[in-house]
Amino acid sequence: FDGTTFHFATFADVAVRAIALASALTALGIQRGERVATYCWNQQAHLEAYLAVPAMGAVLHTLNVRLLSEQVAAIMAHAEDRALIVDASQWPQLAPVLGRVPTLHDVIIVAPESGSAALPTPPAGLRIHQHASLLAAAPSSYSWPALEERDAAVVCYTSGTTGDPKGVV
(Lines give C-alpha, C1' and ligand atoms only; values in the text may rest on other atoms or scores of the structure.)
Protein backbone atom coordinates (compact mmCIF):
# COMPACT_ATOMS: atom_id res chain seq x y z
CA PHE A 1 0.00 0.00 0.00
CA ASP A 2 1.53 3.27 -1.05
CA GLY A 3 -1.16 5.61 0.28
CA THR A 4 -2.06 6.92 -3.16
CA THR A 5 -4.19 4.10 -4.56
CA PHE A 6 -7.70 3.13 -3.62
CA HIS A 7 -9.02 -0.40 -3.41
CA PHE A 8 -12.71 -1.16 -3.38
CA ALA A 9 -14.29 -4.29 -1.92
CA THR A 10 -17.77 -5.31 -0.90
CA PHE A 11 -18.60 -6.32 2.65
CA ALA A 12 -19.04 -9.86 1.30
CA ASP A 13 -15.49 -9.80 -0.14
CA VAL A 14 -14.07 -8.63 3.18
CA ALA A 15 -16.03 -11.31 5.05
CA VAL A 16 -14.75 -14.08 2.77
CA ARG A 17 -11.17 -12.92 3.27
CA ALA A 18 -11.65 -12.59 7.06
CA ILE A 19 -12.82 -16.21 7.11
CA ALA A 20 -9.74 -17.21 5.11
CA LEU A 21 -7.48 -15.29 7.51
CA ALA A 22 -9.02 -16.95 10.57
CA SER A 23 -8.58 -20.34 8.88
CA ALA A 24 -4.97 -19.56 7.97
CA LEU A 25 -4.08 -18.33 11.47
CA THR A 26 -5.63 -21.45 12.98
CA ALA A 27 -3.61 -23.61 10.58
CA LEU A 28 -0.47 -21.78 11.79
CA GLY A 29 -1.35 -22.85 15.33
CA ILE A 30 -2.79 -19.59 16.69
CA GLN A 31 -5.00 -20.48 19.64
CA ARG A 32 -7.60 -18.74 21.72
CA GLY A 33 -6.09 -15.94 23.81
CA GLU A 34 -2.84 -15.69 21.82
CA ARG A 35 -1.85 -12.31 20.48
CA VAL A 36 -1.69 -11.49 16.76
CA ALA A 37 0.04 -8.18 16.14
CA THR A 38 -0.51 -5.92 13.16
CA TYR A 39 1.98 -3.38 11.85
CA CYS A 40 0.00 -2.11 8.90
CA TRP A 41 -1.29 0.97 7.20
CA ASN A 42 -5.05 1.44 6.99
CA GLN A 43 -5.90 -0.99 4.22
CA GLN A 44 -8.15 -3.97 3.54
CA ALA A 45 -5.90 -6.67 5.01
CA HIS A 46 -5.74 -4.68 8.25
CA LEU A 47 -9.54 -4.42 8.38
CA GLU A 48 -9.80 -8.17 7.80
CA ALA A 49 -7.49 -8.77 10.76
CA TYR A 50 -9.71 -6.53 12.93
CA LEU A 51 -12.61 -8.82 12.09
CA ALA A 52 -10.95 -12.25 12.01
CA VAL A 53 -8.58 -12.23 14.98
CA PRO A 54 -10.99 -11.34 17.83
CA ALA A 55 -13.81 -13.41 16.30
CA MET A 56 -11.60 -16.53 16.32
CA GLY A 57 -10.82 -15.96 20.02
CA ALA A 58 -7.31 -14.61 19.56
CA VAL A 59 -6.33 -11.10 20.68
CA LEU A 60 -5.63 -8.39 18.11
CA HIS A 61 -2.62 -6.22 18.94
CA THR A 62 -2.36 -3.16 16.73
CA LEU A 63 1.12 -1.66 16.80
CA ASN A 64 1.92 2.01 16.33
CA VAL A 65 3.86 2.45 13.07
CA ARG A 66 5.10 5.84 14.32
CA LEU A 67 7.16 4.40 17.19
CA LEU A 68 10.83 3.47 16.91
CA SER A 69 11.34 -0.15 15.88
CA GLU A 70 13.11 -0.87 19.21
CA GLN A 71 10.03 0.36 21.08
CA VAL A 72 7.77 -1.77 18.91
CA ALA A 73 9.88 -4.87 19.61
CA ALA A 74 9.76 -4.19 23.36
CA ILE A 75 5.97 -3.79 23.23
CA MET A 76 5.63 -7.00 21.22
CA ALA A 77 7.79 -8.88 23.70
CA HIS A 78 5.76 -7.54 26.63
CA ALA A 79 2.48 -8.48 24.93
CA GLU A 80 3.91 -11.91 24.06
CA ASP A 81 2.80 -11.63 20.42
CA ARG A 82 2.69 -15.00 18.67
CA ALA A 83 2.18 -13.79 15.09
CA LEU A 84 2.68 -10.54 13.20
CA ILE A 85 0.87 -9.23 10.13
CA VAL A 86 3.07 -6.54 8.57
CA ASP A 87 2.87 -4.35 5.47
CA ALA A 88 5.70 -5.11 3.07
CA SER A 89 6.60 -1.41 3.08
CA GLN A 90 7.15 -1.56 6.86
CA TRP A 91 9.12 -4.81 6.88
CA PRO A 92 12.63 -3.30 6.44
CA GLN A 93 12.41 -1.17 9.58
CA LEU A 94 10.92 -3.90 11.75
CA ALA A 95 12.80 -7.02 10.60
CA PRO A 96 16.10 -6.22 12.39
CA VAL A 97 14.47 -6.14 15.84
CA LEU A 98 12.09 -9.11 15.64
CA GLY A 99 14.71 -11.41 17.16
CA ARG A 100 13.98 -9.59 20.44
CA VAL A 101 10.45 -11.03 20.56
CA PRO A 102 10.90 -14.57 21.92
CA THR A 103 7.22 -15.57 21.58
CA LEU A 104 6.98 -14.56 17.91
CA HIS A 105 6.78 -17.54 15.55
CA ASP A 106 5.03 -16.38 12.38
CA VAL A 107 5.28 -13.24 10.27
CA ILE A 108 2.73 -12.61 7.53
CA ILE A 109 3.84 -10.09 4.90
CA VAL A 110 1.07 -8.09 3.21
CA ALA A 111 2.32 -7.06 -0.22
CA PRO A 112 0.44 -5.09 -2.88
CA GLU A 113 -1.49 -7.34 -5.24
CA SER A 114 0.85 -6.37 -8.04
CA GLY A 115 3.92 -7.12 -5.91
CA SER A 116 4.93 -10.73 -5.56
CA ALA A 117 8.52 -10.08 -4.63
CA ALA A 118 10.56 -12.76 -2.93
CA LEU A 119 10.04 -13.04 0.79
CA PRO A 120 12.82 -11.66 2.95
CA THR A 121 15.18 -13.90 4.87
CA PRO A 122 13.61 -14.32 8.29
CA PRO A 123 15.42 -13.80 11.56
CA ALA A 124 16.31 -17.13 13.19
CA GLY A 125 13.30 -19.06 14.42
CA LEU A 126 10.67 -17.12 12.48
CA ARG A 127 8.48 -18.47 9.72
CA ILE A 128 7.67 -15.93 7.01
CA HIS A 129 4.47 -16.19 4.99
CA GLN A 130 3.02 -14.28 2.06
CA HIS A 131 -0.44 -12.98 3.05
CA ALA A 132 -2.00 -13.60 -0.37
CA SER A 133 -0.67 -17.16 -0.50
CA LEU A 134 -1.99 -17.99 2.99
CA LEU A 135 -5.46 -16.71 2.14
CA ALA A 136 -5.51 -18.47 -1.24
CA ALA A 137 -4.69 -21.82 0.41
CA ALA A 138 -7.13 -21.41 3.32
CA PRO A 139 -10.52 -23.14 3.50
CA SER A 140 -13.52 -21.03 2.53
CA SER A 141 -15.38 -21.84 5.74
CA TYR A 142 -14.54 -21.46 9.40
CA SER A 143 -16.23 -22.73 12.55
CA TRP A 144 -16.30 -19.61 14.72
CA PRO A 145 -15.99 -20.43 18.43
CA ALA A 146 -18.51 -19.41 21.05
CA LEU A 147 -16.75 -16.64 22.95
CA GLU A 148 -17.37 -15.38 26.44
CA GLU A 149 -18.37 -11.77 26.99
CA ARG A 150 -15.23 -11.09 29.02
CA ASP A 151 -12.76 -12.75 26.62
CA ALA A 152 -9.99 -10.42 25.51
CA ALA A 153 -10.48 -9.07 21.99
CA VAL A 154 -7.85 -6.37 21.56
CA VAL A 155 -4.74 -5.16 23.38
CA CYS A 156 -3.51 -1.60 22.92
CA TYR A 157 -0.43 0.15 24.29
CA THR A 158 0.18 3.79 25.08
CA SER A 159 2.88 5.64 23.17
CA GLY A 160 5.03 5.79 26.28
CA THR A 161 5.12 9.58 26.61
CA THR A 162 5.20 9.31 30.42
CA GLY A 163 7.49 6.31 30.78
CA ASP A 164 7.43 2.87 29.25
CA PRO A 165 4.34 2.07 27.14
CA LYS A 166 1.54 0.48 29.11
CA GLY A 167 -0.96 -2.03 27.72
CA VAL A 168 -4.67 -2.43 28.27
CA VAL A 169 -6.86 -5.34 27.14
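**Before you click**

This is a predicted model: local features need pLDDT of at least 70, side-chain atom pairs count only at pLDDT 80 or more, and totals for chains, interfaces and linings use all residues. Residues are numbered from 1 along each chain as its sequence is written, and side-chain values use heavy atoms, with hydrogens and water left out.

**Stop 1: the whole chain**

Show everything as a cartoon. You will find 5 helices and 7 strands. Here helices (H or I, at least four residues) and strands (E, at least two) are DSSP runs, numbered from the N terminus. Trace the chain from that end: the elements run α-β-α-β-α-β-α-β-β-α-β-β.

Next, the overall dimensions. The C-alpha atoms fill a box of roughly 45 × 40 × 30 Å, taken along the principal axes. The radius of gyration is 15 Å, which agrees with the value near 15 Å for a compact globule of 169 residues. That radius is taken over C-alpha atoms, and the globule rule is 2.2 Å times the number of residues to the power 0.38.

Colour by burial. Buried residues make up 43% of the 169. Buried means under 20% relative accessible area, exposed over 50%, and partly exposed in between (1.4 Å probe, protein chains only).

**Stop 2: the sheet**

Select the strands. They form an open sheet of 7 strands in the order β5-β4-β3-β1-β2-β6-β7, with mixed pairing. β5 (127–130) and β7 (167–168) stand at the edges with a single partner strand each, so one side of each has no neighbour in the sheet. Two strands pair if DSSP finds at least two bridges between them. Strands of a sheet pair through backbone hydrogen bonds, either parallel or antiparallel.

**Stop 3: strand β3**

Select residues 81–87. This is β3, and 7 of its 7 residues are buried. On one pairing, 5 bridges join β3 to β1 (residues 35–39), and the two run parallel. Another 5 bridges join β3 to β4, also parallel.

Now pick Ile-85. In β4, Ile-85 stands opposite Ile-108.

**Stop 4: β2 and β6**

Select residues 59–62 and 154–157. These strands, β2 and β6, pair in the parallel sense over 2 bridges. Click His-61: its bridge partner in β6 is Val-155.

**Stop 5: Leu-98**

Is Leu-98 buried or exposed? Leu-98 has 1% relative accessibility, so it counts as buried. Leu-98 lies in the loop between α4 (91–94) and β4 (106–110). Show what surrounds it. Leaving aside neighbours within four places in sequence, Leu-98 is in contact (heavy atoms within 4.5 Å) with Met-76, Leu-84, Trp-91, Leu-104, Val-107, Pro-123 and Leu-126.

**Stop 6: Ala-132**

Move to helix α5 (residues 131–137), where Ala-132 sits. Ala-132 has 52% relative accessibility, so it counts as exposed. Draw a distance from Ala-132 to Ala-52. The two are 80 residues apart in sequence and 15 Å apart in space, C-alpha to C-alpha.
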